[in-house]
Amino acid sequence: MKIDQGTIITALFFILIFSIPFILLYLSRRKREKQNLVLLNREAGKNNLRVSKFNTWGNTSIGMDETANVVFFTKKTADGDTGLQMAIAETEKCRIDNIKRTQSNEDGNYTLTEKLELVFEPRDKKKGEMAFPFFNMAYDGAMLTGELQQAEKWCRIINERITGFAQNK
């Protein structure tokens with residue numbers, strides 16, 4: 001079976017045309033990740049710290065300076081950029097607040113997540129809790145896209161650090 005040059009060129013052309021949207025999506029995601037990392041590094045740089053571990057998704061980033069034991073958080077919304085940081089040494093416990101509500105329609109009841117926050121309980125009870133807003137239905141749309149898994153991962157990492165910090169005291 002012999003394939004002529006015209007068929008090969010046509011096939012390559014269609015492969016190229018169909019792959020362009022995927023390439024553009026990949027490049028767009030990489031650009032957004034780089035922008036998020038710049039914001040995260042800027043937040044860390046406020047106190048001359050460095051981001052040594054991080055995750056980024058959508059318009060949100062979380063990271064940590066593993067040497068200084070400080071956690072950083074940034075989020076871009078229509079209202080502007082949010083930058084937060086919390087020292088693990090000042091934290092008693094980290095937990096996830098998953099604020100939900102139940103909706104009803106003709107098909108039955110379903111649960112919506114309104115807010116998902118990573119909450120830091122301070123050692124000094126006079127200070128208030130600090131929350132990193134991983135998800136807010138008002139800004140992020142109606143569906144979670146990996147935020148719960150990120151919150152669980154970082155809650156575990158931070159609590160392990162808190163336990164290690166308390167044992168080394």
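Colleague: What radius of gyration does the protein chain have, next to a compact globule of 169 residues?

Modeller: This is a predicted model, where local features need pLDDT of at least 70, side-chain atom pairs count only at pLDDT 80 or more, and totals for chains, interfaces and linings use all residues. Residues are numbered from 1 along each chain as its sequence is written, and side-chain values use heavy atoms, with hydrogens and water left out. The radius is taken over C-alpha atoms, and the globule rule is 2.2 Å times the number of residues to the power 0.38. A compact globule would come out near 15 Å, but the protein chain has 22 Å.

Colleague: OK, Thr 60 next: is it buried or exposed?

Modeller: Thr 60 sits in strand S2, residues 60-65 (strands are DSSP runs of E, at least two residues, numbered from the N terminus). Buried means under 20% relative accessible area, exposed over 50%, partly exposed in between, using a 1.4 Å probe and protein chains only. Thr 60 has 3%, so it's buried.

Colleague: And which residues is Arg 32 in contact with, leaving aside its neighbours within four places in sequence?

Modeller: Arg 32 is in helix H1, residues 5-45 (helices are DSSP runs of H or I, at least four residues). Its relative accessible area is 33%, so Arg 32 is partly exposed. Trp 57 is 25 residues away in sequence, yet 8.7 Å away in space, C-alpha to C-alpha. With contact meaning heavy atoms within 4.5 Å, the partners of Arg 32 beyond those neighbours are Gly 58 and Asn 59.
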